[in-house]
Amino acid sequence: MGRFALKIEYDGAPFAGWQRQADQPSVQGAIEAALAKLEPGAHTIAAAGRTDAGVHGWGQVAHCDLQKDWDPFRLSEALNYHLKPDPVAIVACARVDDAFHARFSAVARHYIFRIMARRAPLTFGHGQFWRVNHDLDLDAMQAGAAALLGEHDFTTFRSTMCQAASPVKTLDRLDVARIVQPEGIEYRFDVRARSFLHNQVRSFVGTLERVGTGAWAPEDVAKALAATDRSACGPVCPPQGLYLAHVVYPDDPFAD
């Protein structure tokens, strides 16, 4: 039996999330069904992160165990053939040793959140951004984001459904950039940590958007964090603009 790492790109819009579900489409279910076309039988793959309904993947990583000694390129091509027409693609595949685990071997996860500021509804970017109909104050959002860096008790920014053992996490990066796009002004949030609480990134972005509109002052973010109270959080933003962009491992299985 050989173990393979898969780098996966997907549009989360038609799925109820990453995790396999009995009565709803999932990204995991689509890939496991494709694997069953190659090697009949039940397959269970493990991923670096379980993205929610509507959340996208630019660089999700999963691993699978197969009986056949597959060439990684041929495996990725065969999976992509059987994944059609689902909006899921295997963009890289690598053989790894049995000690590699897509979730437990990861040392960091990198998320991107994209807001598009424009009055008109989105056409080409529909489902790929959180559209807001007002401009945002970049400097204010950057100032508010700075208060969240480092190790903190993030109870305020944690979903009540979160199953993590502790609300204490270390946030390594939370950068906000303003990018002029043909269709409008994009505000891009670049977030990195070893691991995240449920809805933590969407809670950050929803709160910082309130700062960007002037409804919150930048220092209000630090006050909300210190409250360690979910009710102190700003609104949780929708999932459409969130992407699992990259997963970091001590030895990148796709480096070659």
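Biologist: What caps the N-terminal end of α3?

Modeller: Asp137 does. This is a predicted model, and in it a side-chain oxygen of Asp137 lies 3.1 Å from the backbone nitrogen of Asp139.

Biologist: OK, and which residues of α3 are buried?

Modeller: The helix covers residues 138-146, and the buried ones are Ala140, Met141, Gly144 and Ala145. Looking down the axis of α3, they fall within an arc of 135°, so they line one face of the helix.

Biologist: Nice. What covers the buried residues of α3?

Modeller: Among the elements covering them are the strands β8 and β9, plus the helices α4 and α5.

Biologist: Let's switch to β9, then. How many of its residues are buried?

Modeller: Eight of its ten, so to speak a mostly covered strand.

Biologist: And what does β9 pair with?

Modeller: β5 pairs with β9 in the antiparallel sense over nine bridges; one of the partners there is Met116 with Glu186. β8 also runs antiparallel to β9, joined by ten bridges, and a hairpin of two residues links β8 to β9.

Biologist: Which residues touch the most other members of the largest nonpolar core?

Modeller: Ile115, Leu148, Leu171 and Phe189, out of 49 residues in that core. Beyond its close sequence neighbours, Phe189 is in contact with residues including Tyr111, Met141 and Leu208.

Biologist: How many residues are in the second, separate core?

Modeller: That one has 25 residues, including Tyr10 and Trp70.

Technical notes:
Residues numbered from 1 in each chain as written. Predicted model: local features only at pLDDT ≥ 70, side-chain atom pairs only at ≥ 80, totals over all residues. Heavy atoms only, no water. Buried < 20%, exposed > 50% of the residue type's maximum accessible area, 1.4 Å probe, protein only. Helix = DSSP H or I, 4+ residues; strand = E, 2+ residues; numbered from the N terminus. Arc of directions from axis to C-beta. Contact = heavy atoms within 4.5 Å. Polar contact = N/O pair within 3.5 Å; in protein donor to acceptor, adjacent residues only side chain to side chain. Core = buried A, V, L, I, M, F, W, Y, C linked by side-chain atoms within 4.5 Å. Pairing = 2+ DSSP bridges. Lists of a residue's contacts leave out its neighbours within four places in sequence.
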